[in-house]
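Hi,

Here is the structure I promised to pass on to you. Have a look at it first, and then read on for what turned up in it.

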Amino acid sequence: MTSRSELERVALELFAERGFDATTVDAIADAAGISRRTFFRYYPSKNDVVWGDFEVQLDAMRAWLAAADDSRTVLAVLSDAVVRFNSLPPEAARAHRQRMSLILHVPALQAHSNLRYAAWRAVVAEYVARRTGAGPEDALPQLVGHVALGAAVASYERWLADESSDLSSLMASSFAELSAGFPTVNDPRQ
């Protein structure tokens with residue numbers, strides 16, 4: 001019997017060997033020793049296997065934000081939440097690098113990724129709305145959701161570019177930069 005995590009492992013290995021586009025659901029199912037039909041019991045599509053247990057992690061982030069100490073700043077809480085959401089044990093780093101490289105760099109996954117990003121931003125916007133008294137669709141919660149996602153994606157890009165880097169440190173650093181504000185850029189015309 002194959003587990004979700006085993007199916008993910010097999011799929012990620014095949015994607016690394018053959019490329020995402022060249023790897024079929026049938027190839028993943030065969031390599032995992034399951035039928036195509038069984039594959040679809042685990043994941044609705046090949047795109048979904050790349051994201052793993054994203055919804056479970058998203059629910060955990062939502063619950064953590066709901067229980068967060070409201071005496072802390074919104075940005076401090078979000079920083080901790082994003083670091084937690086993206087933390088992984090050292091033995092999972094290789095597979096996670098493969099996963100994130102696919103998510104960030106494979107054109108066929110971009111539309112699917114946008115759906116996942118929207119769900120992630122919605123969790124952030126719900127939290128910001130609760131803290132500010134705004135609606136989750138109001139400008140400020142939406143802006144913070146987009147900025148937080150941008151900080152996370154920028155951290156992932158840096159992590160993928162430097163295998164010696166630490167993802168949690170990069171995430172925390174990105175949010176510290178946001179907290180410090182954007183640097184003033186001198187206008188060369190002045």
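Before we start, one term: two residues are in contact, or touch, when they have heavy atoms within 4.5 Å of each other. Please keep in mind that this is a predicted model, where local features need pLDDT of at least 70, side-chain atom pairs count only at pLDDT 80 or more, and totals for chains, interfaces and linings use all residues. Residues are numbered from 1 along each chain as its sequence is written, and side-chain values use heavy atoms, with hydrogens and water left out.

Let me begin with the whole protein. Its secondary structure consists of ten helices and zero strands, where helices (H or I, at least four residues) and strands (E, at least two) are DSSP runs, numbered from the N terminus. The C-alpha trace spans about 60 × 40 × 30 Å along its principal axes. Of the 190 residues, 42% are buried; that word stands for under 20% relative accessible area, while exposed is over 50% and partly exposed is in between (1.4 Å probe, protein chains only). Among the contacts with a separation of 6 or more, 64% are between residues 24 or more positions apart.

The protein exposes about 10,400 Å², and carbon and sulfur atoms supply 55% of that. Areas of this kind come from the Shrake-Rupley method with a 1.4 Å probe, and for residues only the protein chains shown count as cover. As for charge, there are 19 positive and 24 negative side chains, and the centres of the two sets lie 3 Å apart. Lys and Arg are the positive ones and Asp and Glu the negative ones, without His and the chain ends; each charge is placed at NZ of Lys, CZ of Arg, CG of Asp or CD of Glu.

S174 is found in helix α10, residues 167-180. Is S174 buried or exposed? It counts as buried, because its relative accessible area is 9%. Beyond residues up to four places away in sequence, S174 touches A151, S155 and R158.

Helix α9 (residues 139-161) holds V144. Setting aside neighbours within four places in sequence, V144 is in contact with L78, V124 and V128.

V123 is in helix α8, residues 107-132. With a relative accessible area of 2%, V123 is buried. Which residues does V123 contact, leaving aside its neighbours within four places in sequence? They are L58, M61, R62 and L65. The C-alpha atoms of V123 and S3, 120 residues apart along the chain, are separated by 28 Å.

Helix α2 (residues 25-32) has V25, A27, I28, A29 and A32 as its buried residues. These pack against α1 (4-18), α3 (36-42) and α4 (46-51). Just after α2 comes G33, with a positive phi of about 75°.

Another glycine, G52, sits in the loop between α4 and α5 (54-67). G52 is buried, as its relative accessible area is 3%. Apart from residues up to four places away in sequence, G52 touches R4, E8, Y43 and R99. G52 and R4 are 48 residues apart in sequence and 7.8 Å apart in space, C-alpha to C-alpha.

Finally, the aromatic rings. Rings of Phe, Tyr and Trp (its six-membered ring) pair if their centres lie within 6.5 Å; planes under 30 degrees apart count as stacked, over 60 as edge-to-face and the rest as tilted. By this rule there are eight aromatic pairs. One of them is the tilted pair of F15 and F20, at 4.9 Å centre to centre and 55° between the planes. F15 is buried at 4% relative accessibility, and F20 is buried at 5%. F39 and Y43 form a tilted pair too, with 6.2 Å between centres and 45° between planes, and both F39 and Y43 are buried. Ring pairs also link W51, F54, F85, Y117 and W120 into a cluster.

Two charges lie over rings, meaning that NZ of Lys or CZ of Arg is within 6 Å of the ring centre and within 35 degrees of the ring normal. The charged end of K46 sits over the ring of F20, 4.3 Å from its centre. R97 lies over the face of W159, at 4.0 Å from the ring centre.

Best wishes
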